[in-house]
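Okay, thanks for coming, everyone. Let me put the model up on the screen and then walk you through it.

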Amino acid sequence: MAPHTPVPPAVLNLALAVVASSNAPVLLLDGDLTVIAASTSFCRTFQIEREQVADSSLPALGGGEWDVPQLTALLKATASGFAEVENYEMELVRPGRGNRCLVLNAKKLDYADDNNIRLILAVSDVTDARIAEKLKDDLVKEKAILLQELHHRVANSLQIIASVLMQSARKVQSEETRNHLFDAHQRVMSVASLQQQLAASRAGDVQLRPYFTTLCESIAASMIRDHDQLSLEVRADESITTADTSVSLGLIVTELVINALKHAFPDNRRGKIAVDYKTNTSNWTLSVTDDGVGMPTQPGPVPAGLGTSIVQALTKQLGASISVAGANPGTKVSIVHAHVPVLVSQSAALGPAV
Ligand SMILES: Nc1ncnc2c1ncn2[C@@H]1O[C@H](COP(=O)(O)OP(=O)(O)OP(=O)(O)O)[C@@H](O)[C@H]1O
Ligand SMILES: [Mg+2]
């Protein structure tokens, strides 16, 4: 159509009919922002009488709440073809009736007739959606705070249990009982240390290297008397894992490192313990190696203690398997998570592989 070809009345009426019958809040405006038609939904949503709408100018609608200079300027620019209103957000201020949060879209109908400019203005009331979004955000934040609080409380309670165990260990006469109480104290301290680190990591995921390093520092501080005689090193890659998995891995490291400290270096023997963690896509290997005396070579199976049961149960939970090998000298215990079944060299303690 040429720029001044009059729009046939049928076309104008069609636009009017489409707007009037729309289920969404929509207005049909002319170039002066006079309302030509409004959908029933618009009148209902914004509590404006139908009779009041026709031939009223947009800024004069209702109690004047649509008289927003920036919106008027944008719509006029749209009518002149210089702009388009796309997802324009505004607050409809309605004294006494509560403000509404609106998203507006306006398009000029392409009639090429300057005497019959038509704009379609679609209005979405997103007030309830925004309130729901904010409520959801608030709930998520509150949940995160509660979770942090819970982590801190659990870590504190564990510290208290650990100190009670330590006090009891100091009081008992029997050396065997004292050692059991020291072991229990060390286990609870490790769990407390893991818990503390989880509380510090705000996101759900845990970086394993700093996590294992802090854990081993806490074990070394309480169990290694002479750091020239025994060293404990962590050599983990940049792996990140979930909080659940990291707790299981941390408890396994605790048991294996304590085993090396307790059994591999009798008579103040010098040595090294290393904790390694490597990932390759979904496969990973956690190993604790020492250069101590090696597993007992007595005939028959090595009597398994509580430590073996803990490591076996956690390994099974992680869907991994245990392998125990001589490290010439010493022992290497590996926890392997592999899609391809691994060959496992079994030993009485820490085995059979699960
Ligand atoms: N790194 C190691 N070097 C030498 N011997 C080890 C090593 N790890 C385990 N063992 C042997 O395996 C046995 C079983 O270990 P396990 O952790 O099951 O029990 P424990 O350490 O004796 O007691 P618990 O773990 O219940 O305190 C140990 O008693 C020890 O003889
Ligand atoms: Mg043990």
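Predicted model: local features only at pLDDT ≥ 70, side-chain atom pairs only at ≥ 80, totals over all residues.

Residues are numbered from 1 along each chain as its sequence is written, chains are lettered from A and ligands numbered from 1 in the order in which they are written, and side-chain values use heavy atoms, with hydrogens and water left out.

Ligand 1 is surrounded by 20 residues, counting a residue if one of its heavy atoms lies within 4 Å of it. The closest are Asn259, His263, Gly305, Leu306 and Thr308. By class, that shell has nine nonpolar, seven polar and four charged residues. Here Ala, Val, Leu, Ile, Met, Phe, Trp, Tyr, Cys and Pro are the nonpolar ones, Asp, Glu, Lys and Arg the charged ones, and the others, Gly among them, polar.

Which polar side-chain atom lies 2.3 Å from an oxygen atom of ligand 1? That one belongs to Thr308. Arg187 has a polar side-chain atom 3.1 Å from a ligand 1 oxygen, and for an N or O atom in the side chain of Asp183 the distance is 3.4 Å. The cut-off for such a pair of N or O atoms is within 3.5 Å.

Now the pocket. Ligand 1 takes up the space of the largest pocket, meaning that more than half of its atoms lie within 2 Å of the grid points. A pocket here is an open set of points on a 1 Å grid over the protein atoms alone, with protein on both sides within 12 Å along at least five of seven lines, and lining residues have an atom within 4 Å of a point. Helix 8 gives the most to the ligand shell, with five residues, and also the most to the pocket lining, with nine. Helices are DSSP runs of H or I, at least four residues, and strands are E, at least two.

Finally, the backbone. Asn328 and Pro329 are joined by a cis peptide bond, omega about 0°, and Pro329 is in the loop between strand 11 (321-326) and strand 12. Asp55, in the loop between helix 3 (50-53) and helix 4 (69-79), has a positive phi, near 70°.

Methods
Polar contact = N/O pair within 3.5 Å; in protein donor to acceptor, adjacent residues only side chain to side chain. 1 Å grid on protein atoms, 1.4 Å probe; cavity = no way out; pocket = protein on both sides within 12 Å on 5 of 7 lines; lining within 4 Å.
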